[in-house]
Amino acid sequence: MSQVLVLVDHVDGAVRKTTTELLTIAARLGEPAAVFIGQGYDNAAATLAEYGAQTVYQVEGEGIEDYLVAPKAEALAAVTHQAVQVSGKVAAVLLASSGENKEIAGRLAVKLDSGLITDAVDVQAGEAGPVTTQSVFAAAFAVTATITKGVPVITVKPNSAEPQTVAGVTPAVVSVPVTVSDGARTARVVERRTKEKGGRPELTEAAIVVSGGRGTDGDFTPVESFADALGGAVGASRAAVDAGWYPHSSQVGQTGKQVSPTLYVASGISGAIQHRAGMQTSKTIVAVNKDPEAPIFELVDFGVVGDLFKVLPQATEEVLKRKG
C-alpha cells in the first residue's frame, strides 16, 4: 500500500490536534506515515501510534530548526524519496494549513516537481489520486481538484476531519539523515519565545468559536463567557478589531484568520463578505443579531434575532446547567 506522509506539528513532542486529523485523512488515501522533525519524539510516539501512524520517519540532522522554513522543505523532500524506496509509491504529503506549513509545502512541491493544493477542507480517495475540496473566492464557491503531476502536496485546514484512533498499531521508526544545504541557511532563527498560554484553545484550531462584532459596543464579556462555557475560542470581526475592542490576533476574516470549526457563533456581526470569507466553511453557523435583515442570516444554520446581551447570558446559563 502506498504511504501517505504527514508532517507532525508538535511542541517538544506534544502533538497538536491538527496532526491527528491529518493521520485520519491519510488512512483514507493509503498507509499513514508520520514525519517527525525536532526534539521530543519520545513524548510524541504514543500519540502517533494511537492515531494510526504505521511508520514514523524521524529526521536527524543539525541546523534544521535553526533556520526558517527551507531546511524543513529539504527534510520532507529527503523523506519522500526514502519513502518511495520503502513503499514503492507515496500517495500524498499532507501538512496542516498554517503560514509556515504552506511555505514549506510550496518549496516541497518545487523540489519534487509536483502539484500543490493549499487550504483543502476535505480530502478523499479518488481513482487517480486524492480529491480535495477547497472554498474559494471569499468562500463563495466550493471547488474539487486533483493533482495530475508528481507526488500530491496538500495543506489541509484545521477541523477538516474528526480524529479517529486506531488500536494495536506499533509504528516502524526509520531514521532519515538530512544535511542542510548552504542555500537553506540564509534566514537564521535568532530567538524563540514561548507563547504565553491562555485558558482557551488556539483560534484557528478550535472546534468551537464564538465571535463578537460591532454589536458588542466594545463589551466582549458575554461573548467570552459563552465561549468559556462551551470550551471554545473567542474571535472578533474586523470592525471590532479596528475599534480597538479586541486584539488583531483574534480577527476572523479575509484579512484575519481563517477558521473552520464545528460550531461558529457570530454575535453582533452583520456578516460582511470580508468576515464571511474567514468562517464560511464552518460546519454549523449560529448568529445572534438585533437586525433581522443582517446579511449574516443568509448564511447561518440557526439564527436568533435578539440582543446578544440578553441572548448569550441565557445560553451560557443553560450550557453550564446542562454541564452540571
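**Close-up views of a predicted model**

**View 1. A bridge between two strands of the parallel sheet.** Ile-208 has Leu-263, a residue of β14, as its bridge partner, and the structure shown here and in the following views is a predicted model. The two strands concerned are β12, which covers residues 208–212, and β14, which covers residues 263–267, and they pair in the parallel sense over 5 bridges.

View 2. Five strands, taken in the order β13-β12-β14-β15-β16, make up an open sheet whose pairing is parallel. At its edges lie β13 (233–236) and β16 (302–305), each of which pairs on one side only. When direction is ignored, neighbouring strands of this sheet are turned by 15° against each other on average.

**View 3. Two helices that pack on the sheet.** Helix α5, made of residues 221–230, packs on the sheet and touches β12, β13 and β14, with a direction that makes about 175° with that of β12. Helix α8, made of residues 308–323, also packs on the sheet, where its contacts are with β14, β15 (284–289) and β16, and its direction makes about 135° with that of β15.

**View 4. The second largest pocket.** This pocket has a volume of about 310 Å³. It is lined by 20 residues, of which Gly-213, Arg-214, Gly-268, Ile-269 and Ser-270 are the closest to its centre. The elements that contribute two or more residues to the lining are α6 (238–242), α7 (273–279) and β15. Divided by class, the lining of this second largest pocket holds 5 nonpolar, 10 polar and 5 charged residues.

**View 5. The largest cavity.** A search of the whole structure finds 1 cavity of 30 Å³ or more, and the volume of the largest cavity is about 40 Å³. Its lining includes Thr-18, Glu-21, Leu-22 and Ile-25, and also, among others, Ala-96, Val-156, Lys-157 and Pro-158. Helix α1, which covers residues 17–29, gives the most to this lining, with 4 residues. By class, the residues that line the largest cavity are 6 nonpolar, 2 polar and 2 charged.

View 6. Side chains of opposite charge can pair when their charged atoms come close. The structure holds 13 salt bridges, and in one of them the side chains of Asp-113 and Lys-149 meet at 3.3 Å, taken from N to O. This pair links distant parts of the chain, 36 residues apart, with Asp-113 in the loop between α4 (99–112) and β7 (116–126) and Lys-149 in the loop between β9 (141–146) and β10 (153–156).

Note on methods:
Residues numbered from 1 in each chain as written. Predicted model: local features only at pLDDT ≥ 70, side-chain atom pairs only at ≥ 80, totals over all residues. Heavy atoms only, no water. 1 Å grid on protein atoms, 1.4 Å probe; cavity = no way out; pocket = protein on both sides within 12 Å on 5 of 7 lines; lining within 4 Å. Points joined across faces, edges and corners; volume = space filled by probe spheres on them. Nonpolar A, V, L, I, M, F, W, Y, C, P; charged D, E, K, R; others polar. Pairing = 2+ DSSP bridges. Axes fitted to C-alpha atoms, helices over the stretch in contact; angles between N-to-C directions. Contact = heavy atoms within 4.5 Å. Salt bridge = Lys/Arg side-chain N within 4 Å of Asp/Glu carboxyl O.
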